[in-house]
Amino acid sequence: MARLLIEGGAFASLSSQKPCLAGRLQSCELTLGGEGEASRRHFQVQARGSRFVVQDLGSRNGTYLNDERLTSDPVPLTHGDVLRVGATKVRYESAAPVLPPGTDLGGCSITERLARSRYGTIYAGKQGSLERAVTVEVADPDLAGDDEFRAFYEQRARQGGAIDHPSIRAVFDVKRSAGGILYTVFEALTPNTLASDLERRAFDHAESVKILLAAARALAQVHKLGKHHGSFGPQALRRDEKGAFKLCELGDLPRLAPYRSDGDYHCGYASPEEARGHPPGRAADLYSLGVLGHRLLLGSLPYTGSLKQILTQHGSAEAVPVSGRGLPPAVESLLADLLDKVPAERPIASEALERLEAIGRGETGPSTPSRRPRKTSSTSNEVRRRSASGRLGKSGSARAKRTSSASHNRPSSGSNARPASGAAAKRGSSGGHDRLRDSSVRRSDSAPQRRSISDRASGRAELLEPDPLPLALVRLLLVLTAYAAVALAASALTRMALRAAGV
């Protein structure tokens with residue numbers, strides 16, 4: 001049965017028949033009399049279908065769910081959620097009693113309880129007449145009875161089950177028994193995640209590269225199928241019986257969903273685009289892989305502090321410092337690329353995998369990866385379009401042509417330049433289009449320099465082509481027109497003032 005439990009104190013059982021009030025009043029089902037910041041009627045928990053929701057009752061000091069302040073809107077609770085009033089913490093518990101060994105779930109026989117997951121209890125079991133070793137996750141009863149959660153839970157299992165790869169945990173089945181038990185049958189894995197391993201010990205360089213390789217293989221397969229993970233991190237990696245890590249938690253909720261009990265952990269691996277409020281994509285998975293590499297190889301996360309501070313730093317344009325930390329050049333280069341704050345500048349999963357495989361073979365010198373052509377800014381693209389349609393004018397076209405010709409045999413330079421080989425080098429030497437693109441970002445030092453908003457936000461000082469002559473003339477005409485209008489207005493006001501003074 002679900003209940004609210006004050007840490008080190010009283011508890012209140014929850015009923016579907018009436019709300020459970022919490023506050024200073026003795027008449028409340030859960031009395032917070034010893035808490036100075038509690039209101040007389042502070043918050044309430046009531047049933048909504050099979051689940052329980054919490055709602056602040058307009059309290060003076062607020063109610064916090066997993067350290068996020070509640071509004072007046074009701075929010076569903078999940079086992080393990082912590083409500084806080086001042087210094088008093090109240091835990092919501094809804095886990096079902098542990099199933100005894102021998103319990104049959106659709107042909108799976110439960111053998112022992114292993115651990116807790118976010119949504120239920122994890123058991124070891126045997127499936128079928130061949131007694132294949134499996135892991136069974138049994139969802140908590142309040143979640144199992146909710147239609148919306150059940151649809152999400154089944155879709156999550158289907159997404160994982162649709163991928164067959166040795167680096168990804170296999171999903172065999174998802175069902176709801178006649179008794180209302182909702183469960184998923186997975187490939188047998190150990191209960192410990194990489195996150196729990198990291199709490200106990202550090203990994204050496206070889207182990208770290210091996211873990212990153214397994215993660216990159218799994219992400220490359222997921223991305224190849226046009227999907228993304230969305231909440232990748234150490235908690236998504238579990239060992240199999242042979243000790244190899246496999247990717248789990250496909251199809252889970254977004255890592256920055258509000259009121260998550262594990263929000264502090266997830267914000268450490270959030271991508272800049274997620275920190276700015278955008279949904280995660282495949283590029284976000286690669287940034288999270290870079291954060292994991294930072295944690296494994298350098299022994300710490302890139303950013304620390306409160307949840308808000310960490311997300312602010314992830315979302316900033318400043319690069320994550322990885323140079324000068326004692327890493328081999330190829331490893332340092334890969335981490336810097338994965339942790340690029342601009343999503344389009346990060347390598348794709350297959351490229352990261354190739355570079356990790358090279359590092360695993362001992363190639364730790366300066367890396368020369370085969371990279372995709374960089375995406376140019378919108379302003380640079382506009383210049384190229386104008387040039388193609390003849391709107392740049394003769395002098396502008398000639399300047400672009402001369403710059404392209406001069407730069408064809410000149411190597412690119414600067415801190416942001418990246419070497420290219422293979423297909424990328426072939427594209428670069430094939431002529432016209434790429435040379436015209438390069439010419440659009442090279443200029444003489446005497447010319448005025450402008451940067452697009454996206455370039456300023458990313459910290460990159462990309463040089464852009466000056467405005468074409470027709471546009472410059474239009475701007476000059478508008479400025480002269482504005483000056484003339486001001487002069488006419490000043491003259492009219494002067495005449496009116498003189499006339500009023502009788503002069």
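Buried, in these legends, means a relative accessible area under 20%. The model shown is predicted.

**Figure 1. Overall view of the protein chain, with 16 helices and 19 strands.** Of the 503 residues in the chain, 44% are buried. Among contacts with a sequence separation of 6 or more, 55% are made by residues 24 or more positions apart. The chain exposes about 25,800 Å², and 54% of that area is supplied by carbon and sulfur atoms.

**Figure 2. Close-up of the aromatic pair formed by Tyr119 and Phe152.** The structure holds 5 aromatic pairs. In the pair shown here, the ring centres of Tyr119 and Phe152 are 5.7 Å apart and the planes stand at 70 degrees, so the arrangement is edge-to-face; the angle required for that class is over 60 degrees. Tyr119 belongs to the loop between strand S13 (108-116) and strand S14 (120-127), whereas Phe152 belongs to helix H2 (residues 147-161), so the pair ties together parts that are 33 residues apart in sequence. Tyr119 and Phe152 are both buried. Ring pairs also place these two residues in a cluster with Phe149 and Tyr153.

**Figure 3. Close-ups of two arginine residues placed over phenylalanine rings.** In one view, Arg3 lies over the face of Phe11, at 5.0 Å from the ring centre. In the other, Arg132 lies over the face of Phe172, and the distance to the ring centre is 3.8 Å.

Figure 4. Of the 20 residues of H4, 14 are buried, so the helix is largely enclosed by the rest of the structure. At the start of H4, a side-chain oxygen of Asp204 reaches to within 3.3 Å of the backbone nitrogen of Ala206. Just after the helix, Gly226 adopts a positive phi of about 80 degrees.

Key:
Residues are numbered from 1 along each chain as its sequence is written. Side-chain values use heavy atoms; hydrogens and water are left out. Rings of Phe, Tyr and Trp (its six-membered ring) pair if their centres lie within 6.5 Å; planes under 30 degrees apart count as stacked, over 60 as edge-to-face and the rest as tilted. Helices (H or I, at least four residues) and strands (E, at least two) are DSSP runs, numbered from the N terminus. Buried means under 20% relative accessible area, exposed over 50%, partly exposed in between (1.4 Å probe, protein chains only). A charge sits over a ring if NZ of Lys or CZ of Arg is within 6 Å of the ring centre and within 35 degrees of the ring normal. A polar contact is a pair of N or O atoms within 3.5 Å; within protein, one must be able to donate a hydrogen and the other to accept it, and residues adjacent in sequence count only if both atoms are side-chain atoms. Contact means heavy atoms within 4.5 Å. Accessible areas come from the Shrake-Rupley method with a 1.4 Å probe; for residues, only the protein chains shown count as cover.
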